[in-house]
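User: I am new to this structure and would be grateful for a close look at one part of it, the surroundings of the ligand. Please place that part within the chain as a whole before turning to the details.

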Amino acid sequence: MKIAVIGAGVAGSYLSNMLDKEGHEVTLFESNKKNSHWPVCAWGASKHMLEYFSKKAGLDFNNYIFHVGKKLKMSLPNQKTEFLDLYGLVTYNKKQWENDLLANVNVEYGINCDKKTFPKEKYDYILDCTGFHRRFLPRPKEDFVIPAYEYLVENISDIDEFHVIGYKGARGYFWYFPLSKGTGFMGAGDIDRKYFGVKEFFDSHPNAKIVKKIGRPIRLSPPKLMEPFCDNNIIGVGESIGTVFPMLGEGIIPSLLSCEIFLQVLEKSTSYNQKFNQKEYREKILNKFQYYYDVYKIVRLKMDGKLNTVKHFNLLLNMYKNMKRDEKRFGFEISFEKMRRLVNAL
Ligand SMILES: Cc1cc2nc3c(=O)[nH]c(=O)nc-3n(C[C@H](O)[C@H](O)[C@H](O)COP(=O)(O)OP(=O)(O)OC[C@H]3O[C@@H](n4cnc5c(N)ncnc54)[C@H](O)[C@@H]3O)c2cc1C
């Protein structure tokens, strides 16, 4: 098959690698120039899952790990603090990982693809991996994004662990994710654009050196609200179809999981000499990310001050059960008691 992949983020890079290995004729288009292309992300994700996907793509994930977390400190409103035990949450060199995935792929950098002018007829499939931009798919039912930005900072001597500050009403959070010695990503996502913690971080770290400032909104709408996933020969994969865990704005692993579903459906359709089965893809995506809709509802209710732990107990229980089942995929402990305390504290 002749396939155009639009967007060299985690979804586009992984898919291009895998499709190329399977013998498809792949061209990846990325709007950024090669030298300035930078994965806007705090580079934190589950080691277990990245080991799994790296192996499939022919990479050794150990070569990319920066920091293996042990405990995540969570500062909460009213001076409360919680600690989460970490089971494989790491930061890794996401830029290098994605770059290495593309070692054998034909990549056209510096091309900002537009649906109207893109030669769609030249390709069997066009994969919309443009993330938040969703440049090739029609408008979804309900899009909801949270503004976010971060700094890459150096010269930080007193923090060597994951730290987040949760905002009242779950309206966002501040993060510090350590990378290699003395460097880290520090930033915040905040629906109110106040970004509490960022200025305070610089005040308390006068020697911090800013290497980079980057940002873009993060999509919190789950796949259920991001249909359609396909439009003629265009197929969306990754954040463009809402594969972000809404409570955390965490999208690396969910995007890779959506890539896996795409590849399975494509392989099956190809083996029967049939067109890509869009119906099967839709069902599998909705099924895999079904509970993200409940999590999204919890987040929106909390943001609107309407979450009631008694009335919405079933929603919370459903979130807990699904997260507990996927504990390894998240990389941190999932405890109902802590979850309840966090929801109440925010
Ligand atoms: C500040 C911030 C921090 C985050 N931190 C984390 C984290 O620590 N852990 C985590 O799991 N998730 C995190 N996320 C979310 C996660 O980064 C995304 O959900 C994930 O990267 C989505 O992957 P993707 O491949 O679908 O899209 P992206 O990674 O966004 O890739 C899309 C690519 O498409 C390109 N593109 C867009 N439009 C066009 C066009 N018209 N033509 C050509 N190319 C185009 C873009 O330049 C980009 O390279 C964070 C997000 C932000 C914004």
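Analyst: The chain contains 10 helices and 18 strands. Its radius of gyration is 20 Å, close to the 20 Å that the globule rule gives for 346 residues, so the chain is as compact as a globular protein of that length. Taken along the principal axes, the box filled by the C-alpha atoms is roughly 60 × 50 × 35 Å. It should be kept in mind that this is a predicted model.

Within this chain, 41 residues surround the ligand, and the closest are G7, G9, G131, G238 and G251. The elements that give two or more residues to this shell are α1 (10–21), β2 (25–30), β3 (44–46), β11 (148–154) and α5 (252–271). Among these, α1 provides the largest share, with 3 residues. Sorted by class, the shell comprises 18 nonpolar, 17 polar and 6 charged residues.

Helix α1 packs with helix α2 (residues 47–57) at an angle of about 35°, and the two axes are 9 Å apart. On the side of α1 the contact is made by Y14, N17 and M18, and on the side of α2 by F53, K56 and A57. By class, this contact has 4 nonpolar residues, 1 polar residue and 1 charged residue.

Helix α7 (residues 290–303) and helix α8 (residues 313–325) pack at an angle of about 130°, with their axes 9 Å apart. That angle makes α7 oblique to α8. The crossing in which α7 passes α8 is left-handed. From α7, the residues in contact are Y291, D294, V295, K297 and I298, while α8 contributes L315, L316, N318, M319 and N322. This contact of α7 with α8 has 6 nonpolar, 2 polar and 2 charged residues.

Two details of the backbone complete the picture. Most residues other than glycine have a negative phi, and most peptide bonds are trans. Against that background, E227 and P228 are joined by a cis peptide bond, with omega at about 0°. P228 is placed in the loop between β16 (218–219) and β17 (230–231). The other detail concerns Q79, a residue other than glycine whose phi is positive, near 60°. Q79 is found in the loop between β5 (71–76) and β6 (80–85).

Notes: Residues numbered from 1 in each chain as written. Predicted model: local features only at pLDDT ≥ 70, side-chain atom pairs only at ≥ 80, totals over all residues. Near = placed C-beta within 6 Å. Helix = DSSP H or I, 4+ residues; strand = E, 2+ residues; numbered from the N terminus. Nonpolar A, V, L, I, M, F, W, Y, C, P; charged D, E, K, R; others polar. Axes fitted to C-alpha atoms, helices over the stretch in contact; angles between N-to-C directions. Parallel < 35°, antiparallel > 145°, perpendicular 65-115°, else oblique. Left-handed = near helix turned anticlockwise from the far one by under 90°. Contact = placed C-beta atoms within 7 Å. Rg over C-alpha atoms; globule rule 2.2 N^0.38 Å.
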